[in-house]
Amino acid sequence: TMPPGGSAIRVLNVAEKPSVAKSVAEILSRGGMQSRAGRSRYNRVFEFNYAIGAQACHMLVTSVTGHLMELDFDDRYRRWYSCDPAELFHAPVRKAVPQDKQDIKRTLEEEARTCQWLVLWLDCDREGENIAYEVVDICAGANRNLNIWRARFSALIPREIHEAVQHLARPNKLFADAVDARQEIDLRIGASFTRFQTMLLKDAFVLDVSGEERNMVLSYGPCQFPTLGFIVERFWEIQAHEPEEFWTINCSHTSDEGTASFIWIRGHLFDYSSAVVIYEMCVHEPMATVQNVRNQEKLKYPPYPLSTVELQKRASRCCRMSSEHTMKVAEELYQAGFISYPRTETDSFSPNTDLHAIVREQVDHPDWGTYAQRLLNPEERLWRNPSNGGHDDKAHPPIHPTKFSTGENNWSPDHKKVYELVVRHFLACCSQPAVGAETTVEVDIAGEQFNASGRVFLRRKITWTFIVMTHGVVHYFQHTPSDSSLFRRL
């Protein structure tokens, strides 16, 4: 509970990046802030007046640039031949601010001395909580009387930022400790195994190296090295594979409506003579007799709400963007306030999330606005609460749009693609399943069985992108809600 008002207090707010600090300050000050340089040229300090509950505050907003401290061994263990590598598993370690972060440290210390509160605006995940406690160590070292608060948010939009600052909580030490444990394990395993294998193997192989490469290090990473093992194992499997020739029979029927390709029930044969005999039988008696026609309803269910891994998969498949580039673009969209925090394992929305409000923001979009309007109309019966994917990282909601845009002037084509992907995916997960009627036709040619299937989509959703593969070529089809004709005969 916040203390009641009185005279204004000074509040130091610390964000994880300079851009986030600027966005938070602009939102809270409604643009009426003053800016001045900090000790670091990249981490400015923004000042303005604000009220948290009934408490008048003079807000100072600044930032760090990711982790403020680094974990390392004491000096006596840092030289390669100072100890047996096994000793690194229990040698003392310490956290310290590296030389290139000393200016940021001085800014925090100087500002903290004049403040009564410290509000932590670090990213709301375990890594962010760990950085938050690094900030606490620096600031509390300069001012023991600081009242320390945590702002929890998932999108850089006014509603979320004002909500976060009016409902401050305490930071979670357990989350920070979990990251400390992981960092220490990574350091101890990485350093000890790197030294061990480098010293063990350096004389076992003759390497034609010169100059600085004579100090070659055979690095070991607790995550990367086992992954390399999987890659090598798969490479060996591919190298050991001995391909065999096989033969199959292709059958197709062309009419005014197009060409239907039938699949041979046998699949393929490895015996050439047998395949040729069956093929010649079909050629001599080419009349196809329809033996069976099956019709059944097929549902195409909406996806789960969007997590980081799913965003990367879909951007790679549909937008031809690498995972790294996708996250860079998504991070920029987040910092500009257009989407929620893009690093999340959560694929289920909280019951308290106003999903209709998010959809309502999209009704004016020229491409999917009509569908968003229909989604909100109860008479259309298109709405369906998103499915629960079963994952919740307790830090961030699924990725969703937070601000309407038809494209900004500074957006690249990739910004537009990622924003569209996030919006369409969100609209899709709030939709009823697409309904299709699938027809399968089985035919007999000279005693050999072939079949073909096709699907007519009776009720479809604008947010789906159907992918059809024919002869190794991928075709993408997007459709509008007003089009109720035959979708595509496969």
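Which residue is the bridge partner of Ile9 in E4? The close-ups below answer this and then move on to other parts of this predicted model.

**View 1. Strands E1 and E4 run side by side.**
Strand E1 covers residues 9-15 and strand E4 covers residues 55-63. The two pair in the parallel sense, over 7 bridges. To settle the opening question, look for Cys57: this residue of E4 is the bridge partner of Ile9.

**View 2. An open sheet of 6 strands.**
Step back from that pair and you can follow the order E2-E3-E4-E1-E7-E8 through an open sheet with mixed pairing. Strand E2 (34-36) and strand E8 (147-150) stand at the edges; each has a single partner strand, so one side of each is left without a neighbour in the sheet. On average, neighbouring strands here are turned by 30° against each other, direction ignored.

**View 3. Helices H1 and H3 lie across strands of the sheet.**
Helix H1, residues 18-29, lies across E1, strand E3 (45-52), E4 and strand E7 (117-121). Its direction is at about 40° to E3. Helix H3, residues 126-142, lies across E1, E7 and E8, and runs at about 155° to E7.

**View 4. Phe246 meets Phe270.**
The model has 12 aromatic pairs. In the pair shown here, the ring centres of Phe246 and Phe270 are 6.2 Å apart; their planes stand at 75°, over the 60 degrees needed, so the pair is edge-to-face. The two residues link distant parts of the chain, 24 residues apart. Phe246 belongs to the loop between helix H6 (224-240) and strand E9 (251-255), while Phe270 belongs to the loop between strand E10 (258-264) and helix H7 (272-284). Phe246 is partly exposed, at 46% relative accessibility, and Phe270 is partly exposed too, with a relative accessible area of 47%.

**View 5. Lysines over rings.**
Lys173 lies over the face of Tyr133, at 5.5 Å from the ring centre. In another spot, the charged end of Lys403 sits over the ring of Phe338, 4.5 Å from its centre.

**View 6. Lys328 and His415.**
Look for Lys328 in helix H9, residues 323-335. Lys328 has a relative accessible area of 49% and is partly exposed. Lys328 and His415 are 87 residues apart in sequence, yet their C-alpha atoms are 9.8 Å apart in space.

Notes
Residues are numbered from 1 along each chain as its sequence is written. This is a predicted model: local features need pLDDT of at least 70, side-chain atom pairs count only at pLDDT 80 or more; totals for chains, interfaces and linings use all residues. Side-chain values use heavy atoms; hydrogens and water are left out. Rings of Phe, Tyr and Trp (its six-membered ring) pair if their centres lie within 6.5 Å; planes under 30 degrees apart count as stacked, over 60 as edge-to-face and the rest as tilted. Helices (H or I, at least four residues) and strands (E, at least two) are DSSP runs, numbered from the N terminus. Buried means under 20% relative accessible area, exposed over 50%, partly exposed in between (1.4 Å probe, protein chains only). A charge sits over a ring if NZ of Lys or CZ of Arg is within 6 Å of the ring centre and within 35 degrees of the ring normal. Two strands pair if DSSP finds at least two bridges between them. Axes are lines fitted to C-alpha atoms, for helices over the stretch in contact, and angles run from 0 to 180 degrees between N-to-C directions. Contact means heavy atoms within 4.5 Å.
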